[in-house]
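Trainee: I am new to this structure. Please show me how to read its features, one at a time.

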Amino acid sequence: MAQTTSAIGAAVPNSKAGRTFAGRVTVYGLVALIGLALALAPFLFPDVRSQEVAARICVFIVLVASYDLLIGYTGIVSFAHTMFFGLGAYGTAIAIKTMGPGFEAILLGGGIGIVAALVLALLIGLLSLRVKAIFFAMVTLAAASVMMVLASQLSDFTGGEDGITYSIPKLFAPATELLADADGKALRLFGVALNGKLALYYFVFISALVLFLGMLRIVASPLGSVLQAIRENEMRAEAIGYRVVVYRTAIFCIAAGVAACAGILRAVWLKYTGPEVVLSFDIMIDILLMVVIGGMGTMWGAVIGVVLMTLAQYYLKDLMALGAEASSALPIVPDLLNPERWLLWLGLCFILLVYFFPAGIAGTLMGKGVRR
Amino acid sequence: MAPVLQLDDVHTDIAQYQILHGVSLAIPQGGVHVILGRNGAGKTTTLRTIMGLWKARSGSVRFRGDDITRLSTPDIAQRGIAFVPENMGIFGGLTVEENMRLATKDGSFDTQRLNRVHGIFPAMAQFWTKPAHALSGGQKQMLAVSRAIIERRDLILVDEPTKGLAPAIIRNMITAFREIAEETTILLVEQNFYFAKALGQSVAVIDDGRIVHSGTMAELASDAGLQSRFLSLSLEAH
Amino acid sequence: MTDTTASFRTRLTTGIDRFGGVLLLPVELAVIALLLIGQPSTWATLTIAGLAMGMMIFLMASGLSLIFGLMDVLNFGHSAFVTAGAFIGATVLGWLGFWVTGGNPALNLAGLLLAIAAATIFGGLAGWFFERVVIRPVYQDHLRQILITVGALIVAEELVLLIWGGAPIPVPRPAVLTGSLVLGGVSVEIYRIFAFALGLAVYVALYLVLNRTRLGLLIRAGVENREMVEALGFRIDRLFILVFMAGSALAAMGGAMWAGYQGLITAALGSEMMILVFIVVIIGGLGSIQGSLLGAILVGLMANYVAFLVPKMALASNMLLMMAILLWRPYGLLPAVKR
């Protein structure tokens with residue numbers, strides 16, 4: 001390593017400036033469009049399924065962006081992100097189940113969930129962030145599996161495999177009128193009823209927005225720069241005097257806390273919490289796919305990746321089903337197009353993407369190379 | 001006589017940093033030849049580029065007249081270049097014998113050569129069956145050099161063999177290298193001018209990825225002006 | 001680490017060394033379990049079950065550990081080989097029909113060995129393909145390596161679902177290996193003895209190859225410092241593909257054995273086992289087969305004892321074991337590289 005010091009003067013010329021400017025504009029434009037669409041989702045896409053999709057996108061943007069803090073900005077690969085997501089969700093769900101559907105239950109349960117996530121992240125971080133990245137990946141994978149087993153086995157608290165169903169504060173019930181018209185029915189704005197469901201959506205949307213902006217702030221802060229310095233060259237960062245383990249653990253805790261917040265939003269929106277929707281390894285895979293497809297280390301990539309993947313999940317399957325039906329006379333093809341096999345195609349796309357565009361969509365457009 | 005090793009305008013980058021800015025060097029057959037330079041000047045990079053562990057971006061490395069610039073490390077090694085890296089590259093979990101056996105061509109020892117190595121470094125015979133991680137720093141260095149000479153090689157690259165060694169062991173090393181140089185060529189990278197002066201026939205001084213001086217060791221050793229120009233750092237240290 | 005924890009660690013280490021070092025940990029675990037369980041016959045059955053399970057996990061873990069040790073490649077797709085091995089083994093056993101279920105013990109065994117061989121050979125070939133196509137382009141880049149191997153795992157699991165479907169598949173067990181022996185009042189499933197023997201045979205074979213052959217010497221050296229092995233004139237990439245194929249073959253063999261043990265398999269088999277395999281590799285220390293064996297036996301015993309004593313804690317107990325060992329020895333019990 002000693003050789004590098006004398007030759008730092010020779011910088012790489014940036015010949016791609018013009019191209020990346022257009023790319024940046026594209027990315028910001030896309031993100032702005034997505035933001036606008038989400039902000040107006042109840043009015044633009046009033047049907048129930050679209051509402052589900054929009055709310056899921058909001059929650060996952062937070063979840064995936066917090067994961068990007070780890071994988072993209074710090075170079076940590078963790079498989080325990082669903083564990084923290086689940087802690088937030090289960091904390092909220094259990095508190096509502098025992099205390100009844102009030103905001104104080106959400107606050108208390110969610111708070112406990114967040115604290116639990118922070119403590120666990122601190123433990124795991126201090127324990128294993130000092131060793132190799134790959135070791136850390138294995139430790140988190142093991143931890144996440146144990147959490148999943150615990151959730152399904154401590155059925156007295158968690159409802160086991162079935163999970164917990166509960167009601168949420170009355171304000172968010174579809175029957176609640178935010179503004180009543182002369183007949184006592186919920187007032188309609190552009191044909192959309194101003195009811196509790198709308199309030200719930202905006203609760204999720206605004207919380208997600210605040211969390212996302214908070215993470216943007218973190219990335220732009222000195223902490224963000226230190227983390228990137230560590231990612232680029234751990235030994236040098238250590239030599240300059242940064243306590244690498246401390247910074248890594250700090251960002252791991254922050255990411256865990258944000259993931260727990262996303263879990264709270266998920267729990268409130270779904271009125272249900274179970275291993276399948278918050279803890280399963282499939283969700284972890286989703287997060288990973290979303291962040292890589294969107295582009296690691298950009299934050300904007302998380303937004304793009306989540307939207308793309310979620311739309312694919314909801315609508316590509318329909319398309320595949322049509323394809324399978326149309327090709328039912330052929331051998332093998334219908335099996336390959338079976339909607340249940342959609343992960344096969346996604347997996348293949350994912351591998352190709354990691355080979356050829358490791359910076360993901362946003363990263364490639366913005367000209368950010370992934371470190372080699 | 002044609003040089004055994006010739007570098008021509010070699011440029012090497014590590015990640016985005018350019019380390020060697022056109023190194024040219026000719027090493028004649030036989031004897032000990034030294035590259036001196038301060039930390040970060042590009043000494044190790046030069047050796048690693050010769051060995052193919054880092055690839056030159058441009059320029060050429062010729063060994064006995066053949067271009068080896070683009071060859072893989074194993075191919076370069078098989079052509080008869082041995083490498084003793086800065087960290088010695090000892091396999092700590094293997095015994096001294098196993099370490100040496102790996103360096104033989106077909107896994108068996110030539111008794112005569114083995115006796116010669118044991119003659120140069122008696123400690124190797126003494127610790128023959130011990131795991132290498134149990135050796136002292138000096139003994140590890142001896143093992144690393146032994147490995148390089150257990151087969152006949154045309155060129156041995158040695159990266160700072162005196163680093164961290166006690167003066168008594170350094171004197172031992174000087175004797176050993178002199179004996180080894182009787183049958184082969186040694187290219188030595190050093191910061192320790194005392195050691196370099198005792199061994200070297202020719203010397204090149206590298207700074208900032210370029211050769212800034214080359215000539216005979218006798219010339220450099222006797223010319224205080226040259227020394228202060230090129231080696232101020234090294235001389236202060238010794 | 002502060003001085004107090006460091007000295008605690010030293011004291012703990014010397015304390016454990018006094019009781020025979022880490023190699024005696026499984027014995028110590030067994031003794032503690034005997035005290036907790038009380039009935040010797042139950043304890044003996046559990047111990048044998050644990051040893052058999054440990055040996056099967058060892059098959060799956062040893063390859064992963066060596067692959068990582070030699071090339072710094074952690075293959076998250078390793079479990080795909082386990083799953084594939086299980087399904088291929090089950091399919092071959094199904095094809096052989098009467099061979100396997102009939103009354104002729106020789107045919108029984110031949111059928112089983114054929115099934116295991118088919119799985120193992122497939123594992124080796126698939127390993128070759130996997131190394132060439134999936135892993136080779138991303139050497140030296142851990143992040144992309146993890147991502148690519150996870151992607152490959154997804155694809156492989158989907159392929160298994162595509163070929164064999166999502167419904168659980170029954171695995172015929174060779175007639176000669178069904179039932180139990182009663183030894184001194186302890187009933188022992190014959191299949192467990194077979195699994196233990198096979199695992200032990202593989203361990204001995206691996207040990208001999210690694211310690212008695214030039215190839216093994218090269219592998220051990222490569223685990224420590226692959227650059228130096230290249231500088232000595234050896235093509236480490238050829239060595240690596242060999243180890244990768246062997247590791248994948250062993251994983252598939254372990255999968256086939258596990259399929260026979262379970263009797264009913266699903267496509268999730270590999271990923272379920274993988275957690276235990278990772279724990280074993282972490283406990284044992286990356287890159288050493290002795291470590292893998294020690295870790296696998298500890299995990300196998302722990303899983304069986306705890307499943308009896310506190311059924312709900314079975315997996316969590318192994319996780320706790322891993323945490324404890326990581327705290328005590330961050331590089332595992334028997335890491336390959338001695339510093």
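**Reading the strands, helices and contacts**

Mentor: Start with a pair of strands. Strand E1 (residues 5-14) of chain B and strand E4 (residues 56-63) of chain B run antiparallel and are joined by six bridges. Strands pair if DSSP finds at least two bridges between them. Helices (H or I, at least four residues) and strands (E, at least two) are DSSP runs, numbered from the N terminus. This is a predicted model: local features need pLDDT of at least 70, side-chain atom pairs count only at pLDDT 80 or more, and totals for chains, interfaces and linings use all residues. Residues are numbered from 1 along each chain as its sequence is written, while chains are lettered from A and ligands numbered from 1 in the order in which they are written.

Trainee: Which residue in E4(B) is the bridge partner of B:Leu5?

Mentor: B:Phe63.

Trainee: In what order do the strands of that open sheet lie?

Mentor: The order is E2-E1-E4-E5 in chain B, four strands with antiparallel pairing. At the edges stand strand E2 (17-27) and strand E5 (66-67) of chain B; each has a single partner strand, so one side of each lacks a neighbour in the sheet. Helix H1 (residues 43-51) of chain B packs on this sheet and touches E1, E2 and E4 of chain B. The direction of H1 makes about 70° with that of E2(B). Axes are lines fitted to C-alpha atoms, for helices over the stretch in contact, and angles run from 0 to 180 degrees between N-to-C directions. Two residues are in contact if their C-beta atoms, placed from the backbone, lie within 7 Å.

Trainee: How many strands form the open sheet with mixed pairing in chain B?

Mentor: Six, in the order E6-E7-E8-E3-E9-E10. Its edge strands are E6 and strand E10 (210-216) of chain B, and each pairs on one side only. From one strand to the next, the twist averages 15°. Helix H6 (residues 137-149) of chain B packs on the sheet, touching E6 and E7 of chain B, and its direction makes about 175° with that of E6(B).

Trainee: How do I follow the pairing there?

Mentor: Go strand by strand. E6(B) runs parallel to strand E7 (residues 155-159) of chain B, with four bridges between them. B:Val84 faces B:Val158 in E7(B). Next, E7(B) pairs with strand E8 (residues 185-190) of chain B, also parallel, over five bridges. Here B:Ile156 has B:Ile186 in E8(B) as its bridge partner.

Trainee: Which way do the residues of strand E6 (residues 81-84) of chain B point?

Mentor: B:Ile81 and B:Phe83 point one way, B:Ala82 and B:Val84 the other, and all are buried. A residue is buried if 20 or more other C-beta atoms lie within 10 Å of its own, exposed if 12 or fewer, and partly exposed in between, with C-beta atoms placed from the backbone.

Trainee: What should I know about phi?

Mentor: Most residues other than glycine have a negative phi. B:Glu160 has a positive phi, near 40°. B:Glu160 sits in the loop between E7 and helix H7 (167-180) of chain B.

Trainee: Why does B:Glu160 count as buried?

Mentor: Because B:Glu160 has 22 C-beta neighbours inside 10 Å. In chain A, A:Lys271 also has a positive phi, near 60°. A:Lys271 lies in the loop between helix H11 (244-270) and strand E4 (272-273) of chain A. A:Lys271 is partly exposed, because 17 other C-beta atoms lie within 10 Å.

Trainee: How is a packed pair of helices described?

Mentor: By the angle between their axes and the distance between the axes. Helix H4 (residues 78-96) and helix H7 (residues 142-164) of chain C pack at about 15°, with axes 9 Å apart. So H4(C) is roughly parallel to H7(C); angles under 35 degrees count as roughly parallel, over 145 as roughly antiparallel, 65 to 115 as roughly perpendicular and the rest as oblique.

Trainee: How many residues does each side give to the contact of chain A with chain C?

Mentor: Chain A gives 35 and chain C gives 31. On the side of chain A that touches chain C, the largest share comes from H6(A), with 14 residues.
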